[in-house]
Amino acid sequence: MRYGPARVVYSGDKERAQAFLPKGLQLLRNAQERQRLGGLNVLRDYQVLDDDSYCYVILGGGMAAVHIVAGYAPSVGEVEVERNVIPDFVSGVIRNGYIESASRWEGDSRRVLSQFHPTLRCAETYSLWGKKVQVPSYGYQEFERLAVEPLQGFPELRNPATSGQAAERVYSQYTLLRPTMYSGAMRGLVQALMGFGRQRRRPPAKDGQSRGREISLYEKIRSGPAQTDVDGGTPPSSRSTSTYLTEVANEGLQVRYDWKFYRTHGLTRAADGRWWLVEISGSAGVIAMPLPLHDATLSSTFRELLEQRGDVDALHLIEQFGGFPTGEPFPKAGSLESWIRAGRVVRLAARADLAEFYRHSPYSSDMGWAFNLRGDEAHNTAWRFGDDDLQRGVHYAISLQIGAVRPVKETADSPLLKRLERMRDAGLFPDRIDAAIWKAARMSAKQRALAIGTDEAVFRYVDALALEPIAVGSARVSRVSEGFLWFSPAAKQDNGNIIRFPETVLGHLVSHSMQPASRLAEQPALCHTTMHVFFAGNDLKWVKFYWVRESSAPAQNTSDFEDCMYVGQWRAHDEAGTRRIPMMFYTNDFDHREELPAGTVDTHIESKDLGYSSVDVIDFGPPYANEGSVTRTKRFLRRTEVRRVSSPDLGSGVAVPFGDRESYYYAWRRGHAGTEREVQHEYRYLLDPHHYEHWRNRAPWSGGEWSSGVGWPPSEGEEPGTSYWIRLEQHPTGYGPVTQRTVCTPGVRHAHYNWLAGTAWHDGNSYSPYDCGDAADEGPWLSGGEHATSLAYSVPEPPLPVPVRELSPPGGEYEVWWISSSTLGQIRTHREEGLGFGLWATPSPTVDTNLTQYIEATYNCLGEATSARYGLNLNGGSRAVGVPQYPGMESRPLTYIGVIDGG
């Protein structure tokens, strides 16, 4: 139904809900005014209407939805078939989940669920081999027993289309509902319940005098009495009321447990190991009752019979929950207090204890309380505007504790009990009579004796009587943290720092705007705020938003450069400006927060030893032209690479997917405004610290007595044969009157006479260390007496590599990761290089064009099989992994039901 631009949806008791319409429209008008004043694209609001009724509105992208929830729908009439004591269930996966007319035979008017794929074990149990019974092909098939529509109280699970061909599709409860929309052990419970559907039936007798009859795999099993407590009394009744069983027989088992923010159902284990159903809501507070189970499945006899049959799937339910769950919800508001007085329902926390939390708005109506696997903790997040117009995000926790069930002696047969049953059969006190009957079996003889007078007087006495709760329990509500949320009201939300949540009512992700309610609001100094929480098993996972107003820090310049860089590698990092921490999301799985400068210069120097490139034999000038030195030089090749990055940046985004309360997608990007890369090569040289002297007889530089000689040795510029006088002298270090350049013995002090300079003394030193010379030092390399001239050589320089200078435009890369409570761990779903950030850089819906985003995830929650389907990117495809992995599981709506251990 639409009122102007708003869509109004009723859940539960439609007549009661319609009576609250004026309050719902008033809440809508108030929210629209807040949206207008704050310039917000998306806004949600909530109001409690009475003990089990509430209203919430969602505004987003020009759309408005008003959802009024008033308890549960009224009960249906007479049961259509004879019920079976123990129902059976199926296991497998469902695609689409539409309800269609049967297509097997012409004229078949039955309604069936399309595309159910049983597990192999389920197909063998029920002989589900498709049309050709002889061929064991257990593919997708039509299935009548699963043609169950969503509960009337969950209109968001029905087809939202109002016109066109799409509006003709009838959604089953398997089209949009996923077990993974719940948390903790509740996920497995819902997956089990979704396998029951409608029980198979035998048609009524042809005489028309008898009703049809439900049939079951277990209809011939006589399970015996239920297991008793230590004192011999039976456990507190977990049996469902006759009213509920009638509804299940007529409509099929519809999941009645809620997953949403305003009312969340979960499971917790009591001290004795029993599972209890828990409700957390703004209208009821925190209440709990033993998980309703089929009595006939509680006995050890039933377990033994299942073991004999090898019924693995049924045994899994017994092991997990203690019996077959019935799916019955908490009593309706009209009878809830009666059940609390009876002691079967225990109030763990009053509505007032949760009032502070529920004064906040949800990030999405789908974000219910997240239970851990034990069920002793539940966490949730929400937000509000403060008096300063700034947003605050809060994180709350509830600690749950329930003691062992108190053994109670039941009186199965008493006049009071029979009288109350007659009242029920007569249709008296329909909302509360079941609680009175349940209570009467536990009243003492003295209490029963006081039940006298008219039927009304007896009922009112029993109804008002308060018995001790069947167990003692408590729930402690606490605020874990509170922090600011901020995004500049003057900026467009297009930098990717956006978190999105699923909104089933709208059918798309809705991003949360962190802008203040007023453009004049002052920036907070620090945002360090938890926005999403769930448990992976019993370990808390969280997503936090982080931003610091004054995040500048001094530049961090680092370098291992040194004076002597000839062999090895060295790096230097220089930063421009001051460092800042960008606005980011981070989690306890991913933390990419980083202080970034305005720009960076990274220099990498690598130098290699190319060996000795030359040995040089040098003659000294006059008056020592008959002497000289012998040295060698080492060549080094230095490579210098410089990388410059302008305006480096980081961004992140988060999406909580449709279909999975216990996961999120985390996207992060690293970008820049441009880069530059330069590479240059050069040769560098060092002299070996070890050097040597050489000496020879060379006219006219040798002194002493003169004699004549012809042609030896020629002076510089003279032709051989010229006559001159020369006296051949002895080599100073004892190698004879040599005429070739001969190395002097290293380290020997010696003297020789030069006729021009006189006597010269030499200390014989051949080692002269200097800075950086070690890189060219490989130890002594000559000895006395060697002919120096023959040692000389020179290796030409090889051509150097061409210098490189590369300029890159703005760019970067981004990745998307899926984190969940499944056993698959962290999965990277997408990686892309480039400047963009995909749809992660835009809100959903977009402000101007109302473009929306979608991503989902789901996986098996009951059984040993690891099978999942997750999205690859926003508005991208999906991928199915694990076993089973039937054809087509990567597309269309997908739901796991029953117990799945393999293919």
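Is arginine 374 buried, partly exposed or exposed, and what is its relative accessible area? In this predicted model, arginine 374 has a relative accessible area of 40% and is therefore partly exposed. Arginine 374 forms a salt bridge with aspartate 376, and the closest N and O atoms of the pair are 3.0 Å apart. Aspartate 376 has a relative accessible area of 26%, so this residue is partly exposed as well.

Side chains of opposite charge can pair when their charged atoms come close. The count of salt bridges in the model comes to 55. One of them joins aspartate 688 to arginine 632, with 2.6 Å between the closest N and O atoms. This pair links distant parts of the chain, the two residues being 56 residues apart. Aspartate 688 is in the loop between strand S33 (674-687) and strand S34 (692-695), whereas arginine 632 is in strand S30 (residues 627-646). Aspartate 688 and arginine 632 are both buried.

A further salt bridge is formed by arginine 831 and glutamate 813, whose closest N and O atoms are 2.2 Å apart. Here too the pair links distant parts of the chain: arginine 831 belongs to strand S43 (residues 827-833) and glutamate 813 to strand S42 (residues 811-820), with the two residues 18 residues apart. Arginine 831 is partly exposed, at a relative accessible area of 39%. Glutamate 813 is also partly exposed, at 27%.

Glutamate 562 is located in the loop between strand S26 (558-559) and strand S27 (568-576). Its relative accessibility is 44%, so glutamate 562 counts as partly exposed.

Strand pairing is illustrated by S14 and S15. Strand S14 (residues 263-269) is mostly covered, with 6 of its 7 residues buried. S14 runs antiparallel to strand S15 (residues 275-281), and 7 bridges join the two strands. Arginine 269 has tryptophan 275 in S15 as its bridge partner. The two strands form a hairpin with 5 residues between them. In the turn, glycine 273 has a positive phi of about 90°.

Positive phi values also occur in residues other than glycine. Phenylalanine 429 has a phi near 45° and is found in the loop between helix H11 (415-425) and helix H12 (433-440). With a relative accessible area of 21%, phenylalanine 429 is partly exposed. Cysteine 772 has a phi near 75° and lies in the loop between strand S39 (758-762) and strand S40 (793-794). Cysteine 772 is buried, because its relative accessible area is 18% and the cut-off for buried is under 20%.

The bond from serine 844 to proline 845 has an omega near -5°, and proline 845 lies in the loop between S43 and strand S44 (857-859). The cis bond that joins valine 883 and proline 884 has an omega of about 5°. Proline 884 is in the loop between strand S46 (878-882) and strand S47 (894-897).

Serine 216 is placed in the loop between strand S13 (212-214) and helix H6 (242-251). Its relative accessible area is 6%, so serine 216 is buried. Serine 216 and isoleucine 86 are 130 residues apart in sequence, while their C-alpha atoms are 7.1 Å apart in space.

Conventions. Residues numbered from 1 in each chain as written. Predicted model: local features only at pLDDT ≥ 70, side-chain atom pairs only at ≥ 80, totals over all residues. Heavy atoms only, no water. Helix = DSSP H or I, 4+ residues; strand = E, 2+ residues; numbered from the N terminus. Buried < 20%, exposed > 50% of the residue type's maximum accessible area, 1.4 Å probe, protein only. Pairing = 2+ DSSP bridges. Salt bridge = Lys/Arg side-chain N within 4 Å of Asp/Glu carboxyl O.
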